[in-house]
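Hi,

Here is the model we talked about.

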Amino acid sequence: MSAAAVKSAVSPAACAPGTPLYGEVVEFLYHEADLLDTYRFGEWLELFAADVRYDMPVRTNQFRAAGEGFQEMAFFDETFVSLKTRVKRLETEFAWAETPPSRTRHFVSNVLVAPGERAGELAVRLNFMITRTRADHGYQMFTGRREDVLRRVGGGFKIAQRRIFGDQTVLTNTNLSVLF
Amino acid sequence: MSLAATRSDAQNSFTRLANGEDLATIVRPEEGLISRRIFADPEVYALELERIFARAWFFLGHESEIPNPGDAITRVCGIDPVILVRDDDGVVRAFLNSCRHRGMRVCRTDRGNLRFFRCPYHGWSYRNNGELLAASCENHYGEGELDKGKLGLIPVAQLGSYRGLYFATWDKNAPSLEEWLGDMRWYMDIIFARTGELEFVGVPQVWDAECSWKFATDNFTDNFHVFWSHQSLVQIGLLPDFPDFAAHGHMVTAGNGHILHFVQGAPGDETAMGLGLPKSMWQCFQQHLNPAQAEIAMNHGYSAGTMWPNFHWLQLTTAADIETKPMGILNLRLEYPLSPTRTRMYSWFAIDKAAPADYRKASYENYVRNFGPGGIFDQDDMENWEECTAAAVGPAAKRYTLHHRMGLNRKPDPSWKGPGIGYPDSYGEMTQRAWYGEWLRWMTKPLATGGAPR
C-alpha cells in the first residue's frame with residue numbers, strides 16, 4: 001500500500017493539544033508507562049499490534065551535515081513474537097539482569113500527535129526518559145526521542161510502530177534489560 | 001614454557017605489590033587459583049596498562065568497515081584512541097587520534113569518509129595518510145622551529161592484518177602479527193574464511209559496564225555457565241533443558257594465550273552443525289578450508305575464541321525468538337578497561353559475503369535479539385561481571401582466590417586434528433588457565449627488554 005494513498009481521516013486540528021483525541025493519546029502513553037513501572041509486562045505486551053515494528057537504531061557521532069548519526073545496526077529490532085519472548089523471559093525467575101528487578105520510572109513528554117500515514121493511525125513523537133535503579137547502585141538514565149504509530153482498534157489503540165532514537169552513542173548503562 | 005617455570009622466573013622479578021605480595025604467588029594458573037586481588041585493584045591495573053595495554057597486539061577493525069579510500073573509524077589500540085583509516089592511495093594506516101601540537105583529538109566522528117583530519121584547537125591539518133599538511137600561523141615560526149616533515153600523526157608501532165582483521169601494537173619490538181597469532185590462525189581460518197570473505201555489518205554496538213575487563217574476557221570460552229546464567233532461555237525453550245548440552249566438544253589452547261572451543265549440539269541435535277550456516281553453504285568449507293578444518297566446521301554448531309588478550313569470536317547457533325528455529329550467528333567482541341572497575345565493550349555482527357539474503361536477514365535478527373546490550377543472552381552476563389567485580393573490591397575478598405580448577409588433570413585428546421592442545425569435554429577451565437598464564441607472563445616480564453614475554 002502506498003503510504004500517501006490512504007491518508008488518515010484525522011485532521012491535524014483534531015489531534016492538537018487540548019483536544020479529546022490528544023488527551024486520549026497522552027492517557028494511553030501514561031497507562032503504558034504505569035504498566036512497565038509496576039512490572040505488568042503481560043498487559044504491556046497486549047498494547048502492541050501483531051504486526052508491530054519496534055526498533056532502536058545505533059547512533060554514532062557525526063558532523064551535523066551527516067544527519068543524526070543513526071546507522072545500520074540496532075540495539076533492538078523486534079517483532080511481536082520477539083517482544084513476547086522478552087516478556088516470557090522476564091517472567092521466569094532466572095532473568096538475572098532483572099532478578100531481583102530494577103526499579104524503573106518511565107517518563108514521556110513533549111508529545112506531538114499528527115495524523116498517521118494510514119487510515120486509523122496516529123503518528124506520535126515524544127521525548128522519553130527512563131530512570132533505573134538496581135540493587136544498591138545509583139541512578140541510570142536513558143533518554144531520547146520516540147516515534148510511535150498508534151492504530152485505532154475498537155475503543156482504544158494498539159502500538160503499530162515504535163522507533164526509539166536514543167541520545168547516547170555509547171550506552172553507559174550496563175545493558176538494556178528494562179523494557180522501552 | 002610451562003606455567004610452573006614461569007612462576008620461578010617471576011619470583012625473582014620485579015612483580016612485588018605494595019603489600020609485599022608477589023603476583024606470581026597470588027596468581028597460580030597451574031593450580032587453577034587466581035587471586036581476587038587482580039580484578040579490581042588500582043595497583044594491578046596500573047601495571048596492566050604499562051605491561052599489557054602498551055605492548056600487546058589489539059584488534060582495531062575489519063577491512064569491510066573501511067572499504068573505500070578516505071574511510072576512517074575511531075577505535076582504541078590498547079586503551080589509547082586511534083584512527084583506523086584507508087588513505088587516498090588505499091593504504092590502511094592507524095594513528096594515535098591526537099594532534100602533535102597540544103594533543104587534541106583530531107578525528108571527532110566515529111565513522112566517515114575524510115580526506116583530512118583537522119584539529120579544532122589551532123587548526124593543524126593532516127592528510128589521511130598522517131602527514132602534517134598545514135600548521136597554523138606558520139609565518140610566526142622562526143627558522144628550525146616547525147619541522148612539518150617530522151610532525152605527522154603518531155602511527156602505531158606495528159599494524160598487521162589477518163583474514164581482513166586489522167590488529168596493531170604500540171611496541172616496535174613485538175613479534176610480527178603472524179608470529180604472535182601463530183597456531184591461532186588455523187582456527188581463525190575456520191571462523192573468518194570458511195566460505196570466503198566476511199563482512200562486518202553496519203557499526204558496532206558500544207557500551208560500558210561497571211566491571212573488571214577480566215571478568216568479561218574470562219567468560220567467553222566458558223561453556224558451562226550457559227545452562228545456568230542463561231537459564232531464563234532454558235525455561236522458555238530457547239536452550240536445551242539439559243545441563244550437559246554444551247559439553248560435547250573440545251577446549252583448545254593454541255599458544256600465546258590464544259584459546260578457543262568447538263562444541264557440538266546435544267546428541268541428536270542436527271541444527272548445531274555446519275556452524276549453524278544454511279546447508280547450501282556447507283560445500284564452501286571444502287573449497288576454502290583444508291580437510292581437517294572443514295571437518296571441524298561441519299561437525300560443530302558453537303565456537304568461541306579469544307585472541308589474547310581481549311578480542312573474541314562467538315559463533316553460535318541460537319533462535320531469534322520462541323517461534324523461530326535455531327541458526328548461526330557470528331558475533332565479534334572486544335572489551336577494554338576504562339578503570340579497574342569499568343569496561344567498554346564493542347560488539348559486531350558479521351556475515352559471510354556468500355550468505356543468501358534470507359539467511360543474512362534472519363541471522364542479523366537472531367544476533368540483535370540475543371547479543372549486545374539489548375540481547376537476552378548478553379544482559380545476564382553483564383549482571384554477573386558487575387557483581388563479581390563489586391565483590392572483588394574489598395580488602396578481605398582480595399585475600400582469597402577464585403576457583404578455576406575444572407579439568408586440571410584432564411588429558412589432551414590425541415585424536416584432535418588441530419594445532420595446539422585439544423582437550424576432550426567442552427566443560428572445563430583449561431582455556432581460562434591458559435589465558436591467566438599468559439597474563440602472568442606479560443605482567444612479570446621487565447619492560448626494558450620489549451617484545452612478547454618469551
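Before the charges, one convention: Lys and Arg count as positive and Asp and Glu as negative, with His and the chain ends not counted. On that basis chain A carries 22 positive and 22 negative side chains, and the centres of the two sets are 2 Å apart. For chain B, the 44 positive and 54 negative charges have mean positions 4 Å apart. Do keep in mind that this is a predicted model.

Now chain A as a whole. You'll find 3 helices and 6 strands in there, and from the N terminus they come in the order α-α-β-β-α-β-β-β-β. The radius of gyration of chain A is 17 Å, close to the 16 Å from the globule rule for 180 residues, so chain A is as compact as a globular protein of that length. Its C-alpha trace spans about 50 × 40 × 30 Å along the principal axes. Of the 180 residues in chain A, 51% are buried. If you take contacts in chain A between residues at least 6 apart in sequence, 60% of them join residues at least 24 apart.

On to chain B, which has 14 helices and 22 strands. The C-alpha atoms of chain B fill a box of roughly 80 × 60 × 35 Å along the principal axes. Buried residues account for 63% of the 454 in chain B. Its accessible surface is about 16,900 Å², and 50% of that belongs to carbon and sulfur atoms.

Among the buried ones are Trp186(B), Tyr187(B), Asp189(B) and Phe192(B).

The other is helix α11 (residues 291-299) of chain B, where Ala292(B), Gln293(B), Ala294(B), Ile296(B) and Ala297(B) are buried. What covers those residues? The cover includes α6, β16 (259-263) and α10 (283-288) of chain B, which brings α6(B) back into the picture. At the start of α11(B), a side-chain oxygen of Asn290(B) comes to within 3.1 Å of the backbone nitrogen of Ala292(B).

Cheers

Key:
Residues numbered from 1 in each chain as written. Chains lettered and ligands numbered in written order. Predicted model: local features only at pLDDT ≥ 70, side-chain atom pairs only at ≥ 80, totals over all residues. Heavy atoms only, no water. Helix = DSSP H or I, 4+ residues; strand = E, 2+ residues; numbered from the N terminus. Rg over C-alpha atoms; globule rule 2.2 N^0.38 Å. Buried < 20%, exposed > 50% of the residue type's maximum accessible area, 1.4 Å probe, protein only. Contact = heavy atoms within 4.5 Å. Charge placed at Lys NZ, Arg CZ, Asp CG, Glu CD. Polar contact = N/O pair within 3.5 Å; in protein donor to acceptor, adjacent residues only side chain to side chain. Areas by Shrake-Rupley, 256 points an atom, 1.4 Å probe, with all protein chains shown as cover.
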